[in-house]
Amino acid sequence: MKPLAFPDAAQIDLTGRGVCGKDLQFLRQWLQLTVADCCYVLGLTTPRWFEYQNRPNELVDDASVSLLVWALLNYPEAHAVPEFPAAAEAHAGYRRLVAHGVRPPADPDTAFGLLVGQRRASVARWLTGMGQDRIPPAVRRLFLVLQTLFATRGVQGLEAWIARARFEAASRGFDFDAPEMNWARYPLTDPERAGQSRVGRPPKGAVRTPRGPKTQRLGRPPGPRGRRPPPA
Amino acid sequence: MLYPDIEIVQTDLQRRPVCGKDLLFLQHWLDLSIAEACFLFGMPFSKWQACTEGERADRPLDDIGVSLLAWTLIAFPETHFLPRYPTPAEVYPLYRAVAEKTPRTLATAYAPTPLGKTAYGLLLGREITSPTRWLSETDPRPADPQVARLAFALRGILQLRGVGGLEAWFDRAGEEARARGLTLNACMTSWSRMDDRKQSRGRPRGRPAGSGKKRRRPADAAGERP
């Protein structure tokens, strides 16, 4: 993992003092990690993390964690977890290979979003630098995995990946190459939720079905809305 | 639960979408804890449970990103990105080789102690007896997760910086010891004997003050009348 430049070196001067709970939080922000990811990097459980956060000015009682935080803050070679690439980096590797593919997806630029399980429109947002912090953690990992796949397998790896996305789409009843393809309309697999009506606006052109009876709400008696009728 | 070989799973995945059981297979195959598996897939523990428990393990995953990630990791094992943390026993020979060249010791006025197995436990934030357990030839004990990560960091620093790195590490350990009211020397056996902070957090340990017989000081005893 590539450490970032210190935003304020004075904040993290550990000379003459032990590592405290607040230093763990600083490390997390500095490496731009989620709490769960930082727990993995430090080998902590989540309750232990919050135990340290509740006492920001007290010494961290585990000397191993103290030494690890100090090492991570001072030595780049102490970092074990690789840095997850930005969307633009992964997309650049994809674009380099897609031209050589046997059967590239329709509209390859936006298809990149589908190929990582997101919407087509996400790609344009990522490439302009917007919404980077909203990329799901699984997709960030997928970027890294794809970078390795492209580096080791080249076009063959890309084609296998596209074929797999087509297969996952077909097994869910989708046509991956259709322009309106959207994973968000994935039919629910949970049978408990399968009988429920679809949430959100119906797709354009869909025939509206008459609504069933409304369920009774708590706190309001059924009847005409508006003013309450005067007491008899 | 018995898990198949990866070749069988690879073949199986050519006919069906990725399901929760494939996440369990990867966890088992890579020998990960649940927390580590959650980090691998970038999912919270609640989502892990929702994907892998009971009958849901046989259903396709809702999250296509996780599906494709799991498939890539199974189909192309070279794409694994989790580090393998070394055991303290694996780092120990490197540590000994570097430690022989440094003038730093745990020496006191009475006991000149070079940096050896005893110091290794303290420098990894544990007791002086821990290396004996880690380095046991017959029954080596696994290190805690944070110690495994620390061993990775120590190995990287020793490989890149040699004696200078070990001395900086030693000085930092001394700083941490001072902050805890300890001195990093041959008399130090453990990091756990910190100041009164631990005792003030919860129930005080040991016999409460004043509950037992008071030990008489000789002076008091001498001055006391029967």
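These questions and answers walk through a predicted model with chains A and B.

Trainee: What elements does chain A have, and in what pattern do they run?
Mentor: Chain A has zero strands. Helices are what it does have, and there are nine of them. Read along the sequence, the pattern is α-α-α-α-α-α-α-α-α.

Trainee: How many helices does chain B have?
Mentor: Chain B also has zero strands. From the N terminus on, its elements run α-α-α-α-α-α-α-α-α-α-α. The number of helices in chain B is 11.

Trainee: What share of the residues in chain A is buried?
Mentor: A residue counts as buried when its relative accessible area is under 20%. Chain A has 232 residues. The buried share in chain A is 44%.

Trainee: And what share of chain B do buried residues make up?
Mentor: Chain B has 226 residues. Its accessible surface comes to about 12600 Å², with 51% belonging to carbon and sulfur atoms. Buried residues make up 44%.

Trainee: What part of the accessible surface of chain A belongs to carbon and sulfur atoms?
Mentor: Start with the total for chain A, about 13400 Å². Carbon and sulfur atoms account for 54%.

Trainee: In chain A, what percentage of contacts comes from residues 24 or more positions apart?
Mentor: Count contacts with a separation of 6 or more in chain A. Then pick out those between residues 24 or more positions apart. For chain B, contacts joining residues at least 24 apart make up 57% of those at least 6 apart. For chain A, the figure is 56%.

Trainee: How many cavities of 30 Å³ or more does the structure hold, and what is the volume of the largest?
Mentor: The structure holds two such cavities.

Trainee: Which residues are closest to the centre of the largest cavity?
Mentor: The lining of the largest cavity has 11 residues. By class, nine are nonpolar, one is polar and one is charged. Closest to the centre are A:Val41, A:Leu72, A:Ala78, A:His79 and A:Ala80.

Trainee: Which elements give two or more residues to that lining?
Mentor: Look in both chains for the largest cavity. The elements are α4 (63-74) of chain A and α9 (145-179) of chain B.

Trainee: Which residues line the second largest cavity?
Mentor: This second largest cavity has a volume of about 30 Å³. Its lining has three nonpolar, one polar and two charged residues. They are A:Gly21, A:Tyr52, A:Arg55, A:Glu58, A:Leu59 and A:Val60.

Trainee: Is B:Cys19 buried or exposed?
Mentor: The relative accessible area of B:Cys19 is 4%. The cut-off is under 20%, so B:Cys19 is buried.

Trainee: Where is B:Met188 found, and what distance separates its C-alpha atom from that of B:Ile128?
Mentor: B:Met188 lies in the loop between α9 and α10 (197-201) of chain B. It counts as buried, at 2% relative accessibility. B:Ile128 is 60 residues away along the chain. Their C-alpha atoms are separated by 8.1 Å.

Technical notes:
Residues are numbered from 1 along each chain as its sequence is written. Chains are lettered from A and ligands numbered from 1 in the order in which they are written. This is a predicted model: local features need pLDDT of at least 70, side-chain atom pairs count only at pLDDT 80 or more; totals for chains, interfaces and linings use all residues. Side-chain values use heavy atoms; hydrogens and water are left out. On a 1 Å grid over the protein atoms alone, a cavity is a set of points where a 1.4 Å probe fits but cannot get out, and a pocket is an open set with protein on both sides within 12 Å along at least five of seven lines; lining residues have an atom within 4 Å of a point. Grid points are joined across faces, edges and corners, and a volume is the space filled by probe spheres set on the points. Helices (H or I, at least four residues) and strands (E, at least two) are DSSP runs, numbered from the N terminus. Ala, Val, Leu, Ile, Met, Phe, Trp, Tyr, Cys and Pro count as nonpolar, Asp, Glu, Lys and Arg as charged, and the others, Gly among them, as polar. Buried means under 20% relative accessible area, exposed over 50%, partly exposed in between (1.4 Å probe, protein chains only). Contact means heavy atoms within 4.5 Å. Accessible areas come from the Shrake-Rupley method with a 1.4 Å probe; for residues, only the protein chains shown count as cover.
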